[in-house]
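Keep the 3D view open as you read.

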Amino acid sequence: MSYARITGTGSYLPEKVVTNVDLENLVDTSDRWIQERTGIAERRVVAEHETCGDLAVIAAREALAMADLDPALVDLIIIGTCTPDRVFPSTACMVQNRIGMAPGTVAFDVSAACSGFIFALDIANRFIATGGARRALVIGAETMSRILDWNDRGTCVLFGDGAGAVVLEASDEPGVLSTHLHADGSHEELLYVPWGVGQGYDGLEREGGTIRMRGNEVFKIAVRTLGRIVDETLEANNLTREDIDWLVPHQANIRIIEATARKLELPMERVVQTIREHGNTSAASIPLALDVAIRDGRIRRGDLLLLEAFGGGFTWGSALVRY
Ligand code: UT7
């Protein structure tokens, strides 16, 4: 059994910045409300021609460059996304081809909304641990702006676009130590997109293909659930809170992040926060945050990282990683 070790990270944000003040011109909101209730000041939004796959390609190339790895040697690519370019081919198949991975290598997308990166990481870790792959690209990439109702102040102020990528390589040295995945389909009405291709086009006309969320109810469940997954992760590894060097959380709301940090008794300086500049980039938020903190030198080799996410489904999960 091999460990899956992170040997490279990369990320990409579209150029266009949309500030809270920009949104004041669209809906009945204020910069103050958004900052106080969410911690978000601005977010990035794709240009008309840009797709989820475009963002993923750039993030993947950056991660490969950091790992000093030839894409032809990567044998697995998994992309967590709820905003794929097409119904099929999967965005992962398209990226596999565009970055120069070998034909015949394994490529697929994972649909777990904001938890998509953690789900993809779990699967890649299992491939590597059991010898099914030696070198994997795990990506979270989203164009959330395409599924937002820009007239709904309850959702349009929250989300942003971006992509983050991680290279995992088989190693004798510790890397991913454990992963924990969960889902509960019984709360669909709290967070969902009412349309999907399986429903035909009538559905799109009736309700629109944009995010619907009962934010406050989601908030409470997210805080409770993430508290539980912290305990689950520590217990599974016989660790205590003091052992964690960095919390790298999904960036949905600064108040949710602060609640998880309190649960871990971690000072906020030990929590990677990108929500102010990125907003909620769904499956991309954790690999984006990871890349930022690795590149600016905060996260160092040997540090113990707790990654966690909660999102539509509901889905939630965590990963304990020795960097
Ligand atoms: O990543 C996937 C998982 N998603 C999440 O984890 C999101 C979880 N939820 C949240 O982050 C928060 O619930 C929100 C940021 C969405 C909302 O914050 P809240 O503190 O839960 O506010 P609320 O929904 O209880 O609304 C409070 C008030 C309401 O007005 P009234 O009824 O008190 O008059 C809302 O209509 O704030 C109003 N409101 C706004 N006001 C200004 C809602 N959205 C806005 C807005 N600007 N954008």
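How many residues apart are Asp 291 and Arg 295 in helix α11? They sit four residues apart, about one turn of the helix. (Helices here are DSSP runs of H or I with at least four residues, numbered from the N terminus.) In general, an α-helix has 3.6 residues a turn, so residues three or four places apart point the same way.

Before going on, some ground rules. This is a predicted model, where local features need pLDDT of at least 70, side-chain atom pairs count only at pLDDT 80 or more, and totals for chains, interfaces and linings use all residues. Residues are numbered from 1 along each chain as its sequence is written, and side-chain values use heavy atoms, with hydrogens and water left out.

**Charged pairs**

Side chains of opposite charge can pair when their charged atoms come close. A salt bridge here means a side-chain nitrogen of Lys or Arg within 4 Å of a carboxyl oxygen of Asp or Glu.

| Salt bridge | Closest N to O |
|---|---|
| Arg 32 and Glu 36 | 2.9 Å |
| Asp 291 and Arg 295 | 2.8 Å |

Because salt bridges share partners, Glu 62, Asp 291 and Arg 295 join into one network. Glu 62 lies in helix α3 (residues 52-67) and Arg 295 in helix α11 (residues 285-295), so their pair ties together parts that are 233 residues apart in sequence.

How covered are these side chains? We call a residue buried under 20% relative accessible area, exposed over 50%, and partly exposed in between (1.4 Å probe, protein chains only). Asp 291 is buried, at 2%. Glu 62 is partly exposed at 31%, and Arg 295 is partly exposed too, at 44%.

Helix α11 is largely enclosed by the rest of the structure, because nine of its eleven residues are buried. Among them are Ser 285, Pro 287 and Leu 290. After α11 comes Gly 297, with a positive phi near 90°.

Now for the other pair. Arg 32 and Glu 36 are four residues apart in helix α2 (residues 31-38), so about one helical turn separates them. Arg 32 is exposed, with 60% relative accessibility, while Glu 36 is partly exposed at 49%.

**Around the ligand**

Which residues are closest to the ligand? They are Thr 29, Arg 37, Asn 216, Asn 253 and Asn 280, out of 23 residues that surround the ligand (a residue counts when one of its heavy atoms lies within 4 Å). A ligand nitrogen is 2.6 Å from an N or O atom in the side chain of Thr 29. A ligand oxygen is 2.8 Å from an N or O atom in the side chain of Asn 216. On its own the ligand exposes 950 Å², and the protein buries 73% of that (areas come from the Shrake-Rupley method with a 1.4 Å probe).

Several elements give two or more residues to this shell: α2, α6 (153-156), α8 (215-236) and α9 (254-264). The most come from α8, with four residues.

Where does the ligand lie? Domain 1 (3-173) and domain 2 (178-322) both give residues to its shell, so the ligand lies between them. Those domain bounds come from an automatic or database domain assignment.

Terms used
A polar contact is a pair of N or O atoms within 3.5 Å; within protein, one must be able to donate a hydrogen and the other to accept it, and residues adjacent in sequence count only if both atoms are side-chain atoms.
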